[in-house]
Structure formats: structure tokens, C-alpha cells
Amino acid sequence: MKSSMDRRDILLAMGGCAALSVVPPLFAAEPPRDGKPWALIEVGSSGVKPSIVRIKRGLEPDLEVMKAFEPTEANAIDPGNAPLVAEAVAKAITQIKATGLAFEAIKLVGSSGVASKADVRDAVAKAVAERTGLVMNFISVQKETEYTFDGVVNKVRLSHRRPQVTMIDIGSGNTKGCYVSTAPDASEQFHHFSMDFGTKSFARKVSSAQGEDESFTAAANRLADADLRAEIRKMVISAGAIMAQRNRVYLNGGLPWVLATTQAPLNTDRYVPLKPADIDRFCTLAQTDQANLFAVDTSAIPAGAHKDLIAGDLGRMASGKVFTPEELKAGAALLRVLSEELVFARKTLFFTRPGRLAWIMGLAFFDAADGKISKEVLPN
């Protein structure tokens, strides 16, 4: 393994192991291997989510979740929740250390949704430091979208797709994305865009603005057609005119995950094709008939890992552990307006399964290069 890596090497590594071993030596000191396990504690709009992960080597590396601990519903984006978040982080550290993993292998990261709100970010960081002695790290919107883009639009196998793709991540606290263009020196240049509304943050806005005699669905659609549409238009303008030339849209985040799971459950691909009709049906059922939304017939799925995955995901989604009924209604309104404003009807749409964890791989590769995490977490 190289003793040092620059940005170009690390980006290549996100598309395979080229940066780590371009040509395997004839007599290698050790056989190629996966990265060593490390722990990630995510602090964001959906609570505190601890897990133990490792990066699996390959031309399109995957992040393997070796152990996922039960998340704590301590929403870091709500003012006043900082003490609850700190307690949840302390609990997560105890759980991780009990597995035998070294304290130095624990990475604590605040989401971009929390990072974008200075008062909330500072309160969470202060509470966590006082409770655990750890300094919080926060990932920026720009870095999160770049890491995700590199993870889902592989620099080796999918290099031809990179100039065609707009990546959009509908998170709980924000909606963000990026695309790339070629700079005059032939290097890639990222173009970012974002807005401070995601599935859960928009649901909270709807709840606070709902009229006395107004249903939650009516309030969600009213605010989506007014306030949210205006924010999306600002976001599109900030993205630049070049984005209109991108004919493929890769959707990531919790809401697209529910969309793809309910509307295309038979598809086992890493990249799940979606049609505008899938979005229309999802949005209608999410707001009018959530029982039917999750009443998915899985009998045609062959027995095995994919069937177990889909059945388990549907159960979690239907139970309200992923999104509450109100959050799904708000998310449907957000997705509908986003689809209209970005003209999804004229695009080739995909839900990208690797996108759910791609930013974590990017975090590991870049932090290893910067000396913030052991290079042993990387495959060779």
C-alpha cells in the first residue's frame, strides 16, 4: 500500500483498488484483503445510528455492515435535543467497545443536515464533548454529495456515465446533489446544489404550519406547491444551466429507498430503474392509502437474500420505524414537486442501492489519506 495518497489517488480508489495496487506485485508480502473493521456513529436528523463496517475490495468496492446497532431516536436537528444526542452517543460508544473494537477505530460524524444549522451543530458538539470527551466531526453538504457521487458512479466501470448523471440525495434533514463537468485542464469539476428541506424537516414544517381545520396531507401539498417549490427553483438555479443537459438521475436517500422497495421489489440490481408512473403511484398511496403502499406481493421473488432483504425492509417501513405516516405524506409532496421542477418525466431514473452507504466509503478513503483514520480500514 502506498505510504501517502493524493486526492486523485483517493478518488480512483473510490472506483476500485487502482490507487492502492495498480499492478499486483509478483511476490506480494500478503494476499489482497478487505479493509479492517471500524465503527461509525452517525448523528443526524434520523437520530444516532451506530454500526461496525468494513470496505470490501473489488473493482466496485462495497461497504459491508458487519453489525448494526439499534438506532436511538435522538433527532440532532431539533433544538433542545443536544443532551439526548450526547447520551445516545455515549451509549453507542459503550456498545461498540463491548464488541472488542478499539476506541481509536470509532468515527463520530454529524450529518450535513445538522452541519448546515450552526446553532444546532454547536449545541450538539458541545454536549457530546462534555459527555464523552470526543470532538464532533461534521460532513459538509459538498463532501457528502461528492463522496456519494463517486461511490455510485464508479470511476472505473461507470466512467462513461459520469458526464451524464445528476445525483440527488433526498435526506431526512436536507435535499442535496451534484454533477460533474470537465474543466479546461481536462479534470473533473463538481457542481453542487442543496436546500434545507428533507423528508423529516419538511414534515416538521408542515406540522407547525397546519391549519386548525386542515388535514396534514392538504397542508403538505399546500406548502409544497408554494414554499417548497420556490426553494427547489432556487436550488435548480444554483446548480447551473449545465444540469439540464444531464439525462440520467440517480436517486439516493431514505425516501427513494422506500419508493424503489415498494414500486420495484423484484429488481435485484444495484441500479434500480424507475419510471415517472412509479413516482406518481408512490406519491398517491403515501398520501391516501399507506396500508396498500406496503402490501407488496413478494411471492414472485425467489427465496434467498434478496427476498429476505425486501421482506425485512417492508416490515420496517410499514411499522413506522423508517418514516412516520405524516413524514411519508410530507415526503410524497416533496418528491412530487421535485419531480415536476427537475422534469423527471424526461429523464432516465434510477435508485442506486450503493448510494445508501457510498458517502461512508468516501469518508474512510479521504480520512485515511489525511491521517484521521488508520489506512488499515482500506482494502488493498
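Q: What makes the meeting of the E376 and R33 side chains a salt bridge?
A: Their N and O atoms are 2.9 Å apart. A salt bridge needs a side-chain nitrogen of Lys or Arg within 4 Å of a carboxyl oxygen of Asp or Glu, so this pair qualifies. The model is predicted: local features need pLDDT of at least 70, side-chain atom pairs count only at pLDDT 80 or more, and totals for chains, interfaces and linings use all residues. Residues are numbered from 1 along each chain as its sequence is written, and side-chain values use heavy atoms, with hydrogens and water left out.

Q: How do you know that E376 and R33 link distant parts of the chain?
A: The two residues of this salt bridge are 343 residues apart. E376 sits in the segment after α13 (355-369). R33 sits in the loop between α1 (7-14) and β1 (38-44).

Q: Why is E376 called partly exposed?
A: Its relative accessible area is 32%. Buried means under 20%, exposed over 50%, and partly exposed in between (1.4 Å probe, protein chains only), so E376 falls in the middle class.

Q: How do you know that D150 forms a salt bridge with R162?
A: The closest N and O atoms of D150 and R162 are 2.7 Å apart. D150 lies in helix α5 (residues 141-152), and R162 in the loop between α5 and β6 (165-170). The partners are twelve residues apart. In total, the structure holds 23 salt bridges.

Q: Why do D150 and R162 count as buried?
A: D150 has 1% relative accessibility, so it counts as buried. R162 has 2%, so it counts as buried too.

Q: Which classes do E214 and R222 belong to, buried or partly exposed?
A: E214 has a relative accessible area of 19%, so it is buried. R222 has 40%, so it is partly exposed. The two form a salt bridge, with the closest N and O atoms 2.8 Å apart.

Q: Which residues are linked in a network of salt bridges?
A: The network takes in D225, R229, R233, R336, E340 and E341.

Q: Why is helix α8 (residues 254-263) called mostly covered?
A: Nine of its ten residues are buried. Among them are L255, W257 and Q263. The helix itself is a DSSP run (H or I, at least four residues).

Q: Why does L285 count as buried?
A: L285 has 10% relative accessibility, so it counts as buried. L285 lies in helix α9 (residues 276-288). L285 touches Q290, N292 and L293, not counting residues up to four places away in sequence. Contact means heavy atoms within 4.5 Å.

Q: Where are A186 and V343, and what is the phi of A186 and of V343?
A: A186 lies in the loop between β7 (175-182) and β8 (188-195). Its phi is positive, about 75 degrees, although A186 is not a glycine. V343 is in the loop between α12 (325-341) and β11 (348-352). V343 also has a positive phi, about 55 degrees, and is not a glycine.

Q: Why is A186 called exposed, and V343 partly exposed?
A: A186 has 62% relative accessibility, so it counts as exposed. V343 has 31%, so it counts as partly exposed.

Terms used
Helices (H or I, at least four residues) and strands (E, at least two) are DSSP runs, numbered from the N terminus.
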